[in-house]
Structure formats: structure tokens, C-alpha cells
Amino acid sequence: LARHLQKEAQSQHNNSEFTEDQKKTIAKIATCLELRSAALQSTQSQDEFKLEDLKKLEPILKNILTYNKEFPFDVQPVPIRKILAPGEEEHLEFEEDDEEGGAGAGSPDSFPARVPGTLLPRLPSEPGMTLLTITIEKIGLKDAGQCIDPYITVSVKDLNGIDLTPVQDTPVALRKEDTYVHFNVDIEIQKHIEKLTKGAAIFFEFKHYKPKKRFTSTKCFAFMEMDEIKPGAIVIELYKKPTDFKRKKLQLLTKKPLYLHLHQTLHKE
């Protein structure tokens with residue numbers, strides 16, 4: 001929700017139904033949502049943004065077109081930062097990445113709690129039906145240490161690139177170590193395996209924030225086809241962006257052996 005609000009707050013004047021003041025309020029609400037997300041992920045309890053605080057924002061959001069009082073919290077709008085709605089493809093994708101070097105911003109081995117992710121719980125089991133949990137363990141990248149706020153968008157697409165399940169984003173990665181970005185996060189695929197259409201594939205898009213261009217970009221992607229669904233560990237190859245959901249023109253990211261490391265667990269009644 002924070003991302004959707006922020007996208008609206010940053011839209012150009014002629015593309016928006018909101019005034020500049022309303023957009024500032026929307027951006028402040030986005031900030032509060034991010035603060036609440038960080039509080040939920042934090043183990044320390046001081047200075048956290050509480051649920052009662054969040055509830056104060058509901059009437060503002062509901063009456064955004066008429067709200068003209070002072071904002072209840074002293075927060076700044078989230079800085080202008082192109083954050084896309086979950087699963088949305090960037091249109092600024094075709095510039096070349098700075099393959100050599102680049103500013104190594106951020107701490108080398110940990111990330112602040114930022115994007116909370118949009119992970120969904122496991123579906124209820126059904127007799128004779130199989131559910132799939134995919135653990136995203138780590139991804140190998142030669143410049144892993146330079147990726148800022150990296151996360152992975154997971155989607156299940158048919159042969160035409162149409163979504164078969166809701167798109168999910170992982171939280172920001174746990175840590176960076178050598179040439180790996182570590183996630184160790186479980187994704188619950190939101191459809192029983194038997195109900196997926198023939199030729200479907202599960203896509204993993206690795207995204208990171210680019211401070212120079214001030215937007216979140218897809219760096220590379222990987223996918224898993226239906227015949228690869230089996231219990232245990234699997235490593236899959238990384239491909240160059242833009243994400244090709246129809247799997248027609250695939251180009252490996254690099255000649256180096258870099259992979260996405262996954263572990264699959266099947267649940268059957």
C-alpha cells in the first residue's frame with residue numbers, strides 16, 4: 001500500500017486526480033506505513049510506530065479529497081524514489097547497468113528494515129492436491145555487495161505471461177556476503193500444483209534500488225518450469241532483463257556460473 005500511495009504522490013500533476021497538498025499528505029501516509037512496517041520487523045520496542053497510530057490515518061485516507069487539518073505525525077514524505085507497485089515492470093529498463101564498479105552504497109553485510117514484502121500465507125490443503133513452498137536461499141551476483149535494498153518479486157505466469165496467482169515480493173534481503181545476496185525466505189505458491197496450466201512457470205525477478213537514477217530496477221530474472229517442481233534443492237540460471245515472461249528471447253546474464261539457489265517443499269494431503 002505504501003508503494004501504491006507513493007506512486008500516486010509522485011505522479012505528474014496532469015496525470016493525477018489530487019492536488020499537490022493532497023499528494024504531500026498521501027506521501028506522509030506512505031511514510032507512516034513504512035514506519036509501521038519497520039516496527040513490525042524490529043525486535044527493539046523503542047520508538048516504534050504503533051497500531052493505534054496507524055488507525056489515526058484511516059479517516060485521513062478515507063477523506064483525502066476534503067481533509068485540510070494538520071497531519072497528526074511530524075513526518076517527512078518518503079523521498080522521491082521510484083518505487084513500483086508489486087510485480088509491475090519498469091519502463092526505464094533498457095539502459096545498461098554500470099557493469100564495472102558503481103558506488104558501493106549501504107552497509108556491506110546487512111540492510112535496514114525497509115520494504116516489508118508482500119508474502120502470502122499457505123493455502124488450505126485439499127485432498128489429493130499438492131501445495132508448493134519455495135525457500136529462496138540466496139542469489140549469486142558478481143557485484144552482490146553493491147546492491148541496495150534488494151528483494152525478489154515472485155510470480156506464476158502462463159505461456160502468454162498472464163498471472164495465474166497473486167504476485168509476491170520478498171522482504172529486503174537479510175545480508176550480503178562475498179558474491180551472494182542471502183534471503184532465506186519461504187514463498188507459498190498460491191495455487192495447487194495440479195491446477196496450474198500446462199506450460200506455466202514460476203518467475204523470480206531480482207530488484208534493487210539505483211540511487212543515481214532514483215528508482216527500483218530489475219537486475220536479472222530466473223524461472224522454474226513445471227517439470228522442475230520436485231522436493232529438494234535446485235539452482236536455476238539467471239537471465240538478462242527485461243523479464244521475458246513468454247520465454248522467447250532468453251539471454252544468460254553472464255558467462256560466469258551465477259545462479260538462484262532454491263529449496264522446494266511439497267505438501268500433499
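I looked up P242 and found it in the loop between strand 9 (239-240) and strand 10 (259-268); strands here are DSSP runs of E, at least two residues long, numbered from the N terminus. The peptide bond from K241 to P242 is cis, with omega near -5°.

The model is predicted, so I took local features only at pLDDT of at least 70 and side-chain atom pairs only at pLDDT 80 or more, while totals for chains, interfaces and linings use all residues. Residues are numbered from 1 along each chain as its sequence is written, and side-chain values use heavy atoms, with hydrogens and water left out.

Next I checked backbone angles. D178 has a positive phi, near 55°, and is not a glycine. D178 lies in the loop between strand 4 (175-177) and strand 5 (180-188). With a relative accessible area of 70%, D178 is exposed (over 50%; buried is under 20%, partly exposed in between, 1.4 Å probe, protein chains only). N184 also has a positive phi, near 45°, but sits in strand 5. N184 is partly exposed, at 45% relative accessibility.

Last, I searched the whole structure for cavities and got two of 30 Å³ or more. A cavity is a set of points on a 1 Å grid over the protein atoms alone where a 1.4 Å probe fits but cannot get out; lining residues have an atom within 4 Å of a point. The second largest cavity holds about 30 Å³, the volume being the space filled by probe spheres set on the points, which are joined across faces, edges and corners. I listed its lining as V154, S155, V156, T165, P166, Q168, E188, I189 and Q190. Strand 2 (residues 148-157) gives the largest share of that lining, three residues.

Key. On a 1 Å grid over the protein atoms alone, a cavity is a set of points where a 1.4 Å probe fits but cannot get out, and a pocket is an open set with protein on both sides within 12 Å along at least five of seven lines; lining residues have an atom within 4 Å of a point. Helices (H or I, at least four residues) and strands (E, at least two) are DSSP runs, numbered from the N terminus.
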